[in-house]
Amino acid sequence: MSGRDLFCQPRRFGRGAALTLVFASVLVAGAATGALPGDGRRTASGETREATAGHAQDVTRAAEEAAAVGKSPMEAAERAVSRSGDRWAAVYSEGEYEEFEESLDGRYTGVGLWARRDTDGRIEVTGVRPGSPAAGAGIRAGDRLRSVDGHGVDGRPVTEVVSLLRGDATDAAAGTAVTLGLQRGTRAWSETLRRALLSTDSVTVRHASDDATVIRISAFTKGVGDAVRSAVRAAPAGGGIVLDLRGNSGGLVAEATATASVFLDGGLVATYDVDGDQRALHADPGGDTDRPLVALVDGGTMSAAELLTGALQDRGRAVVVGSRTFGKGSVQMPSELPDGSVAELTVGHYRTPSGRAVDGKGITPDLEVTDGALERAEAVLGGLGDPS
């Protein structure tokens with residue numbers, strides 16, 4: 001799955017059309033996009049702005065020059081991105097990008113695992129979808145993914161690993177086989193799985209007690225904000241909420257903002273810059289500000305999930321419990337290349353309502369817990385009591 005987002009339906013880009021801005025974080029289904037609003041205020045951004053603008057120009061120029069001499073714009077863009085040092089930049093074929101957009105509708109073909117690349121370039125499984133082929137094979141979070149169909153994945157961008165898992169090169173359908181090389185501690189082994197058509201089921205609800213409801217959000221796909229609002233309305237009157245964001249690698253920023261609106265009565269959710277333009281995201285008025293709320297996070301909480309966590313923490317709306325979040329707070333801009341492929345390049349960063357930077361730092365919980373984090377979160381929720 002994949003994710004990040006915005007404020008409109010994902011759409012294809014026309015030549016010369018305004019570029020869509022996104023917060024990017026890669027889930028195993030791929031990536032998708034949508035537009036972010038802004039107020040047009042401009043401030044000086046110095047070297048950062050010059051660097052990001054120059055980076056985007058270099059990649060676009062490389063693609064255009066390749067097209068002019070009959071070479072592959074996508075390959076030229078990939079080489080330019082690899083030289084740039086942009087950790088979150090990615091280049092997608094036209095077909096890959098369309099599939100990634102479709103994944104945010106809540107369905108995708110894959111094996112049902114989430115992954116990320118660590119600082120050493122190794123690919124680590126960060127989550128496994130219950131009932132998926134990966135879950136059936138016993139793969140679990142923390143396992144290392146070493147290869148896909150014999151292709152080593154160390155050092156590859158996560159987007160390439162996603163493409164291999166999905167079988168994009170051969171338009172692999174549900175039912176096709178894929179062999180994964182895995183490692184857990186000192187044990188190394190191979191598993192052959194069959195891809196399946198999966199739905200995201202991004203929101204699950206569990207009533208932990210008469211007074212507590214646990215709402216788990218695995219990714220911010222389309223409709224998550226409405227689903228969370230419905231779950232809160234159906235929760236016992238006066239009961240508290242544990243918002244479980246562990247392992248949430250991001251998704252649609254519009255859905256993260258809509259989720260913030262469930263618990264806030266308007267006001268600032270985050271600010272972000274795009275090549276020096278300072279812009280803001282705001283919650284809708286009328287959210288439930290009375291229920292006790294605990295946000296549960298860990299090192300797999302990324303991007304749009306960190307945006308939501310930071311807003312709830314800074315606004316004093318939730319007690320944050322768990323471990324420090326991942327630290328993905330950058331803004332990507334997708335640009336269509338001459339052959340229809342799409343390059344996404346980092347152009348800025350977002351901050352929490354109090355002005356805290358997230359990228360490379362993450363969010364520190366109010367109460368740091370590793371073992372038994374959910375139980376501790378429920379205990380904290382019980383201690384918050386009835387706010388009335």
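A pocket here is an open set of grid points, where a 1.4 Å probe fits, with protein on both sides within 12 Å along at least five of seven lines. Keep that in mind as you look through these close-ups of a predicted model.

**View 1. The largest pocket and its centre.** Welcome to the largest pocket, which holds about 890 Å³ of space. Its lining is made of 40 residues, and those closest to the centre are Ala90, Pro157, Val158, Thr159 and Glu160.

**View 2. Elements around the largest pocket.** Five elements each bring at least two residues to this lining: the helices α2 (73-84), α3 (94-103) and α5 (158-166), together with the strands β3 (90-92) and β5 (113-117). Look out for α5, whose five residues make up the largest share.

**View 3. Residue types in the largest pocket.** Sorted by type, the lining of the largest pocket has 17 nonpolar residues, 14 charged ones and nine polar ones.

**View 4. The second largest pocket and its centre.** Trp114, Gly127, Val128, Arg216 and Ser218 are the closest to its centre among the 24 residues that line it.

**View 5. Strands around the second largest pocket.** The strands β5, β6 (123-128) and β12 (203-207) each give this lining at least two residues. The biggest contributor is β6, with five residues.

**View 6. Residue types in the second largest pocket.** This lining splits into ten polar, eight charged and six nonpolar residues.

Terms used:
Residues numbered from 1 in each chain as written. Predicted model: local features only at pLDDT ≥ 70, side-chain atom pairs only at ≥ 80, totals over all residues. Heavy atoms only, no water. 1 Å grid on protein atoms, 1.4 Å probe; cavity = no way out; pocket = protein on both sides within 12 Å on 5 of 7 lines; lining within 4 Å. Points joined across faces, edges and corners; volume = space filled by probe spheres on them. Helix = DSSP H or I, 4+ residues; strand = E, 2+ residues; numbered from the N terminus. Nonpolar A, V, L, I, M, F, W, Y, C, P; charged D, E, K, R; others polar.
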